[in-house]
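Here are my notes on this model, as numbered points. Have the structure open while you go through them.

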Amino acid sequence: SMKNLEELLMHELKDMYDAEHQLVAALTKMEQAATANTLKKAFEAHREQTKMHIERLNEVFALMQAKPERETCDGMKGLIKEANKVLEEQMDADVRDAALIASAQRAEHYEMAGYGTMRTYARLLGHKQAAEILQQTLDEEGATDEKLTELAQKINRSAKS
């Protein structure tokens, strides 16, 4: 049982650490399944960015004098399970790409919620440097979501017909 916000922050860090690791593998599958070159490149860039986010979480663990540990993130596991269903469905290429973007954005929004929460906890607890690192990642997650939205606007039009 968690007794205070510090313990809750540590729990959230471990959960997100696992979520990011799960996402690296999922983005590889999504990149392979995508047909639009722009989408393939977006998934590749997102995967590399996700690896950087793992490194940043390692920094946050070090700042908090804790060993980086993974705690199973059931939320990301569920989002990836849904994304895998998309991969199994028979769909036209543009429709599949649109569905893949939707899956990726669900994961993005999940991450944004997690990083925003952890940043807020870190600020409240006086972990200024950790909060700044978490904010940097939160900003990047938001920018990735915007890029996916731009891609979706083009791909969704193709999928419509």
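1. A word on burial, since it comes up throughout: a residue is buried under 20% relative accessible area, exposed over 50%, and partly exposed in between, with a 1.4 Å probe and protein chains only. This is a predicted model, so local features need pLDDT of at least 70 and side-chain atom pairs count only at pLDDT 80 or more, while totals for chains, interfaces and linings use all residues. Residues are numbered from 1 along each chain as its sequence is written, and side-chain values use heavy atoms, with hydrogens and water left out.

2. Start with the largest nonpolar core, which has 43 residues. (Such a core is a set of buried Ala, Val, Leu, Ile, Met, Phe, Trp, Tyr and Cys residues joined through side-chain atoms within 4.5 Å.) Leu13, Leu39, Phe43, Met76 and Leu134 touch the most other members. At least two residues of this core come from each of helix 1 (5-33), helix 2 (37-63), helix 3 (74-88), helix 4 (93-124) and helix 5 (128-160). Helix 1 gives the largest share, eleven residues. Helices here are DSSP runs of H or I, at least four residues long, numbered from the N terminus.

3. Phe43 deserves a look of its own. Not counting residues up to four places away in sequence, Phe43 touches Leu27, Met30, Glu31, Ala34, Leu100, Ile101 and Ala104. Contact means heavy atoms within 4.5 Å.

4. Now the charges. With a salt bridge taken as a side-chain nitrogen of Lys or Arg within 4 Å of a carboxyl oxygen of Asp or Glu, the count comes to seven. One of them pairs Glu69 with Lys14, at 3.8 Å from N to O. Glu69 sits in the loop between helix 2 and helix 3 and Lys14 in helix 1, so this bridge ties together parts that are 55 residues apart in sequence. Glu69 is partly exposed at 35% relative accessibility, whereas Lys14 is buried at 18%.

5. Which residues are linked in a network of salt bridges? They are Glu31, Arg47, Glu48 and Lys51. Within it, Glu31 bridges to Arg47, with the closest N and O atoms 2.4 Å apart. That pair links distant parts of the chain, Glu31 in helix 1 and Arg47 in helix 2, 16 residues apart. Both Glu31 and Arg47 are buried.

6. Glu48 and Lys51 form another bridge, at 3.3 Å from N to O. Both are in helix 2, three residues apart, about one turn of the helix. An α-helix has 3.6 residues a turn, so residues three or four places apart point the same way. Glu48 is partly exposed at 41% relative accessibility, and Lys51 is partly exposed at 37%.

7. On the geometry of helix 2: its 27 residues reach 39 Å from first C-alpha to last, close to the 39 Å expected at 1.5 Å a residue. The expected span is 1.5 Å times one less than the number of residues. Just after helix 2, Gln65 takes a positive phi of about 55 degrees.

8. Leaving aside neighbours within four places in sequence, Asp145 contacts Gln105, Glu108, His109 and Met112. Thr144, also placed in helix 5, is buried with a relative accessible area of 10%. With neighbours within four places again left aside, Thr144 contacts His46, Gln49 and Glu108.
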